Amino acid sequence: MKRIEVVAAIICRNNKYFACQRGYGEFKDFWEFPGGKIEPGESREEALKREIREELDLSICLDSFLTTVEYDYPNFHLTMHCFLCSIDSQDPIIKEHENARWLLKEQLHSVQWLPADIKVVETLRGSV
């Protein structure tokens, strides 16, 4: 089975988490935490900063590692390294997604997450 390794930014500001809606592919309209693939020679942290700059025109601060999710999709195995991140007062500029929202912890289950991202939501909802 094909293996894909990615990074994801769990961006938190004012007690809200930033979620993005996919506008393409098999999981179009599902929600995810922004991020993407690690390029050869990149660290996870470098990849995440690059991906967020490309997708959201945003500089992020990686505050701490949150979790690694292992998930088997029908056509590939995903390893997703998730980091809690913060931003300054600038707002993200959506370049690759259909939609985006800031969600309170209590609102995280109000959108239809990608299966691997559900594991991250469960981790966040279980944290204090």
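**View 1. Cysteine 61 is partly exposed, with a relative accessible area of 41%.** In these legends a residue is called buried under 20% relative accessible area, exposed over 50%, and partly exposed in between, as found with a 1.4 Å probe and protein chains only. The structure is a predicted model, in which local features need pLDDT of at least 70, side-chain atom pairs count only at pLDDT 80 or more, and totals for chains, interfaces and linings use all residues. Residues are numbered from 1 along each chain as its sequence is written, and side-chain values use heavy atoms, with hydrogens and water left out. The closest cysteine sulfur to that of cysteine 61 belongs to cysteine 85 and is 7.8 Å away, which is too far for a bond. Cysteine 85 is in no disulfide, and with a relative accessibility of 2% this residue counts as buried. The whole structure holds zero disulfides, a disulfide being a pair of cysteine sulfur atoms within 2.5 Å.

**View 2. Strand 1 pairs with strand 6, with strand 4 and with strand 2.** Strands (E, at least two residues) and helices (H or I, at least four) are DSSP runs numbered from the N terminus, and two strands pair if DSSP finds at least two bridges between them. The pairing of strand 1 with strand 4, residues 35-37, is antiparallel and has three bridges, with valine 6 opposite lysine 37. Strand 2, residues 16-21, is also antiparallel to strand 1, with two bridges between them, and arginine 13 has lysine 16 of strand 2 as its bridge partner. Two residues lie between strand 1 and strand 2 in their hairpin, where asparagine 14 takes a positive phi near 55 degrees. In a regular strand, side chains alternate between the two faces of the sheet.

**View 3. Lysine 2 lies in strand 1.** With a relative accessibility of 54%, lysine 2 counts as exposed. When neighbours within four places in sequence are left aside, lysine 2 is in contact (heavy atoms within 4.5 Å) with Asn75, Phe76 and His77. The C-alpha atom of lysine 2 is 9.9 Å from that of tyrosine 73, although 71 residues separate the two along the chain.

**View 4. The largest nonpolar core has 24 residues, and Phe33, Met80, Trp113 and Val120 touch the most other members.** A nonpolar core is a set of buried Ala, Val, Leu, Ile, Met, Phe, Trp, Tyr and Cys residues joined through side-chain atoms within 4.5 Å. Strand 1, strand 2, strand 6 and helix 2, residues 115-126, are the elements that give two or more residues to this core. Apart from this core lies another one, of 16 residues, including Ala47, Leu48, Ile52 and Leu58. Threonine 67, found in strand 5, residues 61-72, counts as buried at 17% relative accessibility. Residues up to four places away in sequence aside, threonine 67 touches Met80, His81, Cys82 and Thr123.

**View 5. Glu39, Glu42, Arg50, Glu51 and Glu54 are linked in a network of salt bridges.** A salt bridge is a side-chain nitrogen of Lys or Arg within 4 Å of a carboxyl oxygen of Asp or Glu, and a search of the whole structure finds nine of them. Side chains of opposite charge can pair when their charged atoms come close. Arginine 50 forms a salt bridge with glutamate 39, where the closest N and O atoms are 4.0 Å apart. The two partners are 11 residues apart, with glutamate 39 in the loop between strand 4 and helix 1 (44-56) and arginine 50 in helix 1. Arginine 50 also meets glutamate 54 in a salt bridge of 3.3 Å, N to O, and this pair lies in helix 1, four residues apart, about one turn of the helix. At 14% relative accessibility arginine 50 counts as buried, whereas glutamate 39 is partly exposed at 40% and glutamate 54 is partly exposed at 38%.

**View 6. Glutamate 98 and lysine 28 meet through their side chains in a salt bridge of 2.8 Å, N to O.** Glutamate 98 is in the loop between strand 6 and strand 7 (99-104), while lysine 28 is in the loop between strand 2 and strand 3 (31-32), so that the pair links distant parts of the chain, 70 residues apart. Glutamate 98 counts as partly exposed at 41% relative accessibility, and lysine 28 counts as partly exposed at 37%.
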